[in-house]
Amino acid sequence: MKAVQYRRVGDSPEVVEVDVPEPGPGQVLVKVDAAGMCHSDIAVMSFSAEEFPYPLPLTLGHEGAGTISAFGPGTHRYSEGDRVAVYGPWGCGLCRMCAYGEENYCRQAERLGIRPPGLGAPGAMAEYLLVDDERHLVPLHGLDPVEAAPLTDAALTPYHAIKKSLPKLVPGSTAVVIGAGGLGHVGIQLLRALSPARVVALDINDQKMELARSVGAHRTVRSDENAPGQIRELTSGHGAEAVFDFVGSTATTRIAARSVTTEGDLTIVGIGGGSVPVGFGTLPFEVAVSAPYWGSRGELLEVLELARSGEVRVHVDSFPLEETPEIYERFHRGEIPGRAVIVP
């Protein structure tokens, strides 16, 4: 089968021929219908040889949807031909966090060497994906796999981040979304669907700012040193009750820290390497700072329901698998405003 692999540190990914995997006990083989492209992939390919955390070659892609093709030995509740989305942050299934469905915070995964597809385990940018356990599959129930694949991260991650802040997003409140790209434009839709808050979107890319307006942002502001002042002007000098930074760079975390109000939430979702100093006097009083990761299995079910109801839709551009290396270059340059989806 064809697969997109990162084979050598510092090189571009390649389309190669590999064997179709055979499912072992409890495993499921999924014929991939769509695989989303994420900035986490770019981050993985940016590691130096000394930092690189995974064995190579690595088949990329942690956002997957497809059709069940075969099962390993054992009893299964799905059937061949079922169309499914793949829950990505695999855990041990037995620890306290996994018992809550929060495999994204599994306490045993690192010790046991359990890795998500595309982030250590062979990923979804291939004609077939081997899924370790069918609990990591969620029925599509009519959703288009090309639109559904990015929901497993580009929607699940902002949903998990936003959900905890909903009690603060009351009528008259303001939520700021920094970065209106793959995750941010979904975050805007989620905020509009789940809260009465005014949504202010920040970006430096005109195309992404237009995307933010098209999916429901009440206001857009250029993400520069003047942004915190404009946010405070919009909020009568107070700042925003919740700030979600989907970039996470040094520049954007600085903007986030200057934009949040007393008792507000500052949530760093992006993996741009930025941080926020926390201590008395460094932020408005009682600001809660968090850096969440992905989302739970139960939250993925909720995200898919929001998609079926039409409340959330990922802006996607689809491309054939053979073009993936070139599309990664375009994605890295910011030329694809929403989510790129690879179709094997």
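Which residues in H8 meet which residues in H9? In this predicted model, Ala227, Pro228, Ile231 and Arg232 of H8 are in contact with Ile255, Arg258 and Ser259 of H9. By class, four nonpolar, one polar and two charged residues make up this contact of H8 with H9.

Two packed helices are described by the angle between their axes and the distance between the axes. For helix H8, residues 227-234, and helix H9, residues 250-259, the angle is about 25° and the axes are 9 Å apart. Angles under 35 degrees count as roughly parallel, and H8 and H9 are therefore roughly parallel to each other. The crossing in which H8 passes H9 is right-handed.

Helix H6 was examined for burial. H6 spans residues 184-194, and eight of its eleven residues are buried, so this helix is largely enclosed by the rest of the structure. The buried residues of H6 are Gly184, His185, Val186, Gly187, Ile188, Gln189, Leu190 and Leu191. Their packing partners include three helices, namely H5 (156-163), H7 (206-214) and H10 (297-308). The buried residues of H6 also pack against the strands S9 (174-178), S10 (198-203) and S12 (240-245).

Aromatic side chains were considered next. Five aromatic pairs are found in a search of the whole structure. In one of them, the ring centres of Tyr6 and Phe52 lie 5.7 Å apart and the ring planes stand at 40°, so the pair is tilted. This pair links distant parts of the chain, as its two residues are 46 residues apart. Tyr6 belongs to strand S1 (residues 2-6), whereas Phe52 lies in the loop between helix H1 (39-44) and strand S4 (58-59). Tyr6 and Phe52 are both buried.

Phe52 also pairs with Tyr54: the centres of their rings are 5.9 Å apart and the planes are at 85°, so this pair is edge-to-face. The relative accessible area of Phe52 is 13%, and that of Tyr54 is 16%. Burial requires a relative accessible area under 20%. Phe52 is therefore buried, and Tyr54 is likewise buried. Together with Phe47, the residues Tyr6, Phe52 and Tyr54 form one aromatic cluster.

Some features of the backbone are also recorded here. The peptide bond that runs from Leu56 to Pro57 is cis, and its omega is near 0°. Pro57 is located in the loop between H1 and S4, the loop that also holds Phe52 of the aromatic cluster.

A positive phi in a residue other than glycine occurs at His141, where the value is near 45°. His141 is placed in the loop between strand S8 (137-139) and helix H4 (145-148). The relative accessibility of His141 is 62%, so this residue counts as exposed. Glu263, also a residue other than glycine, has a positive phi near 65°. Glu263 is found within strand S13, which covers residues 260-268. With a relative accessible area of 46%, Glu263 is partly exposed.

How values were computed
Residues are numbered from 1 along each chain as its sequence is written. This is a predicted model: local features need pLDDT of at least 70, side-chain atom pairs count only at pLDDT 80 or more; totals for chains, interfaces and linings use all residues. Side-chain values use heavy atoms; hydrogens and water are left out. Axes are lines fitted to C-alpha atoms, for helices over the stretch in contact, and angles run from 0 to 180 degrees between N-to-C directions. Helices (H or I, at least four residues) and strands (E, at least two) are DSSP runs, numbered from the N terminus. Angles under 35 degrees count as roughly parallel, over 145 as roughly antiparallel, 65 to 115 as roughly perpendicular and the rest as oblique. A crossing is left-handed if the near helix is turned anticlockwise from the far one by less than a right angle, and right-handed if clockwise. Contact means heavy atoms within 4.5 Å. Ala, Val, Leu, Ile, Met, Phe, Trp, Tyr, Cys and Pro count as nonpolar, Asp, Glu, Lys and Arg as charged, and the others, Gly among them, as polar. Rings of Phe, Tyr and Trp (its six-membered ring) pair if their centres lie within 6.5 Å; planes under 30 degrees apart count as stacked, over 60 as edge-to-face and the rest as tilted. Buried means under 20% relative accessible area, exposed over 50%, partly exposed in between (1.4 Å probe, protein chains only).
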